[in-house]
Amino acid sequence: MASPFSIEEIYPDDGHPLRLPRRQAGNSPQGVAVTLLADYTLRTRAAIPSAAIVALLAEAGVSTAGARAAISRLARRGVLEGSRQGRRSAYRLSRAAAASLVGGGRWIIDSTATAAPWDGRWTIVAFSLPQERSAQRRALRGQLRWLGYAPLYDGLWISPRDLTPKARERLAQLAPGTVTVFRAQQATLDGTGHRAPIEAWDIAAINRHYQEFLRRWTPLLPGVESGGIDGAAAVRARTEVMDTYRRFPTLDPQLPLDLLPAGWLRQPARELFSAVYDGLAEPAERHVRAVVARFADSAQPGIAAHTTSDLLAGMHGDVRVP
């Protein structure tokens with residue numbers, strides 16, 4: 001079974017000419033930088049002094065050299081745009097990056113909602129690409145993984161959900177003439193030699209990830225609810241809980257509950273994520289504002305932490321990218 005973390009990018013490629021940081025085992029400096037800027041400037045694309053970004057990354061355990069290298073690489077990728085604020089350099093999310101991150105945030109929250117009723121059918125994507133088109137095959141697999149598909153067999157990927165028109169268009173662009181998509185029910189075979197489609201996902205491993213998430217973050221709840229977590233600790237926790245939770249839509253892409261073990265932990269994990277992420281929004285925003293103020297030549301408007309409700313509101317056009 002392919003690793004659930006072999007996605008090429010943090011968020012989907014929606015056709016924007018930029019490359020967001022690659023997902024790594026753990027949190028890369030570039031990934032942390034993108035999360036920080038997205039968490040506090042996504043709606044406004046406010047420019048932050050580079051020294052302030054370095055200071056915030058230092059609080060997350062990134063060295064000065066690593067932070068400056070991350071900023072430089074993100075600028076080269078087209079994720080950040082540089083400018084001058086008096087004598088200081090500053091960076092903000094590019095328009096393309098902000099649009100991708102808005103879509104990614106909506107996807108994270110919406111994809112981990114309670115699964116809709118299932119009609120008992122599977123969407124099957126079959127493809128065949130020769131060895132010399134390995135880059136195209138990797139891109140297709142990465143897109144399928146982001147769309148919530150898993151490989152039942154080599155070249156045969158499945159999902160319990162229907163393929164949206166946008167997804168159809170994207171797959172056609174990635175591998176024209178090499179992909180066949182159909183939707184059908186499983187035919188039960190006599191004997192015990194058949195493989196159930198749900199076995200394309202490692203259900204036990206997904207459950208362990210949910211358990212680890214709950215073990216890691218549940219003890220933090222009393223401090224969040226009492227207001228006992230603030231300053232750099234609030235920013236670090238909020239960044240980490242997002243970086244961890246955003247992997248779940250690819251691990252568990254709204255798999256039908258009637259195919260899963262009783263007591264599936266998707267909803268408890270979602271509720272815990274919302275409680276931590278939203279509960280730390282205000283103290284984390286205050287700290288980011290304070291850090292930025294130390295390095296800014298003038299007042300810095302536009303720093304605002306969003307909540308999970310804000311991310312969902314973006315689905316209806318309420319969160320706009322300037």
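User: What makes Arg289 and Glu285 a salt bridge?

Analyst: The closest N and O atoms of Arg289 and Glu285 are 3.1 Å apart. A salt bridge is a side-chain nitrogen of Lys or Arg within 4 Å of a carboxyl oxygen of Asp or Glu. The 3.1 Å of Arg289 and Glu285 is within that limit, so the name applies. Keep in mind that this is a predicted model, where local features need pLDDT of at least 70 and side-chain atom pairs need 80 or more, while totals for chains, interfaces and linings use all residues. Residues count from 1 along each chain as its sequence is written, and side-chain values use heavy atoms, with hydrogens and water left out.

User: Where do Arg289 and Glu285 sit?

Analyst: Both are in helix H12, four residues apart, which is about one turn of the helix. An α-helix has 3.6 residues a turn, so residues three or four places apart point the same way.

User: Why is Arg289 called partly exposed?

Analyst: Its relative accessibility is 36%. Buried means under 20% relative accessible area, exposed means over 50%, and partly exposed is in between (1.4 Å probe, protein chains only). With 36%, Arg289 falls in between, so it's partly exposed.

User: How do you know that the span of H12 is close to what's expected?

Analyst: H12 covers residues 281-295, 15 residues in total, and reaches 22 Å from its first C-alpha to its last.

User: Which residues of H12 are buried, and what covers them?

Analyst: The buried ones include Ala284, His287, Val291 and Phe295. Among the elements covering the buried residues are helix H1 (29-41), helix H9 (231-245) and helix H11 (266-279).

User: What do H9 and H12 do where they meet?

Analyst: Their axes come within 8 Å and cross at roughly 115°. Axes here are lines fitted to C-alpha atoms, for helices over the stretch in contact, with angles from 0 to 180 degrees between N-to-C directions. Gly231, Ala232, Ala234, Val235 and Arg238 of H9 meet Ala281, Pro283, Ala284, His287 and Val288 of H12. Contact means heavy atoms within 4.5 Å.

User: How many salt bridges does the whole structure have?

Analyst: Twelve. One of them joins Glu240 and Arg216, with 3.2 Å between the closest N and O atoms. Glu240 is in H9 and Arg216 in helix H7 (residues 203-217), so this pair ties together parts that are 24 residues apart in sequence. Glu240 is at 31% relative accessible area and Arg216 at 37%, and both count as partly exposed.

User: Are the partners buried or exposed in the salt bridge of Arg266 and Asp252?

Analyst: Those side chains meet at 2.9 Å, N to O. Arg266 is in helix H11 and Asp252 in the loop between H10 and H11, 14 residues apart. Arg266 has a relative accessible area of 4% and Asp252 has 1%, so both are buried.

User: What makes S5 and S7 edge strands?

Analyst: The open sheet of four strands has the order S5-S6-S4-S7, with antiparallel pairing. S5 (150-153) and S7 (179-184) each have a single partner strand, so one side of each is left without a neighbour in the sheet. Strands pair if DSSP finds at least two bridges between them. Strand S4 (residues 122-127) and S7 have six bridges, so they pair. Within that pair, Phe127 stands opposite Val179 in S7.

Notes:
Helix = DSSP H or I, 4+ residues; strand = E, 2+ residues; numbered from the N terminus. Expected span 1.5 Å × (residues − 1).
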